[in-house]
Amino acid sequence: FSSKNQLLPLSHSDESEEEPADVDLVSLFVSARYAVQDNSLRDAAQLYLQILGSEKVTRVQTNKAMYELAQVYSLSGLTERAIETALELLHRKPAQTDVLRLLLSLCSQQPSIKTLTDVVDTYAGPKSGELAREVSHQLSEAALNALTSNAPLDAVSLAKLAVRWSPASLN
């Protein structure tokens, strides 16, 4: 990242807002994003947690806040907390490709066979093309890391998952 951190947006084209956005929550989102850009990650996390704790927050805003909070945790070096937050969101929205990609990126920093298996088993969105290659590649890398870490059973499990996700296997 550059000196100015940028958060990735969460696409939510399959959802519509239940009601108009609350002005206070919108200003909290804007403030949180500015805090991220200013590298005030603790302040940004607190603002996202405030959004999530609001009685006025909609489902779409909850998903967006969780997605951005996971990225803030990652930028803060709190990889495990970032994974937990993103995984909770994936369980809520199992077809969300953006969340899958975020989790794969996070798991590359702190690989865990249990987490990777949970991620790929939970994901219920499209599994073709570039995404399948990304997932297969990530799982293959994790299998190789498990093998070099003297965890052959984990390596075999991850390799099997990688084969299941390979573009040739999905056709």
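**Exercise 1: Helix H3**

In this predicted model, helix H3 is followed by Gly-77, whose phi is positive, near 85°.

Task. Determine how the length of H3 compares with the span expected at 1.5 Å a residue, and state how many of its residues are buried.

Solution. 
1. H3 comprises residues 59-75, which is 17 residues.
2. From the first C-alpha of H3 to its last, the helix reaches 24 Å, close to the 24 Å expected.
3. Of the 17 residues of H3, 14 are buried, and the helix is thus mostly covered.

**Exercise 2: Helix H4 and its cover**

Task. Check the span of H4 against 1.5 Å a residue, list its buried residues, and state what covers them.

Solution. 
1. H4 runs over residues 79-92 and has 14 residues, so a span of 20 Å should be found.
2. The end C-alpha atoms of H4 are 20 Å apart, which agrees.
3. A residue counts as buried when its relative accessible area is under 20%. In H4 the buried residues are Thr-79, Ala-82, Ile-83, Thr-85, Ala-86, Leu-87, Leu-89 and Leu-90.
4. The cover over these buried residues of H4 includes H3, H5 and H6.

**Exercise 3: The packing of H3 and H4**

Task. Describe how H3 and H4 are oriented, and which residues of each helix make the contact.

Solution. 
1. Two packed helices are described by the angle between their axes and the distance between the axes.
2. The axes of H3 and H4 cross at roughly 160° and come within 7 Å.
3. Angles over 145 degrees count as roughly antiparallel; H3 is therefore roughly antiparallel to H4.
4. The crossing in which H3 passes H4 is left-handed.
5. On the H3 side, the contact is made by Thr-62, Asn-63, Met-66, Tyr-67, Leu-69, Ala-70, Tyr-73 and Ser-74. On the H4 side, Thr-79, Arg-81, Ala-82, Thr-85, Ala-86, Glu-88, Leu-89 and Arg-92 take part.
6. By class, the residues of the contact of H3 with H4 are eight nonpolar, five polar and three charged.

**Exercise 4: The packing of H5 and H6**

Task. Carry out the corresponding description for H5 (residues 97-109) and H6 (residues 113-122).

Solution. 
1. H5 and H6 pack at an angle of about 170°, and their axes are 11 Å apart.
2. The two helices, H5 and H6, are therefore roughly antiparallel to each other.
3. H5 passes H6 in a left-handed crossing.
4. From H5, Leu-100, Leu-103, Leu-104 and Cys-107 meet Thr-115, Leu-116 and Val-119 in H6.
5. The contact of H5 with H6 has six nonpolar residues, one polar residue and no charged residues.

Methods
Residues numbered from 1 in each chain as written. Predicted model: local features only at pLDDT ≥ 70, side-chain atom pairs only at ≥ 80, totals over all residues. Heavy atoms only, no water. Helix = DSSP H or I, 4+ residues; strand = E, 2+ residues; numbered from the N terminus. Expected span 1.5 Å × (residues − 1). Buried < 20%, exposed > 50% of the residue type's maximum accessible area, 1.4 Å probe, protein only. Axes fitted to C-alpha atoms, helices over the stretch in contact; angles between N-to-C directions. Parallel < 35°, antiparallel > 145°, perpendicular 65-115°, else oblique. Left-handed = near helix turned anticlockwise from the far one by under 90°. Contact = heavy atoms within 4.5 Å. Nonpolar A, V, L, I, M, F, W, Y, C, P; charged D, E, K, R; others polar.
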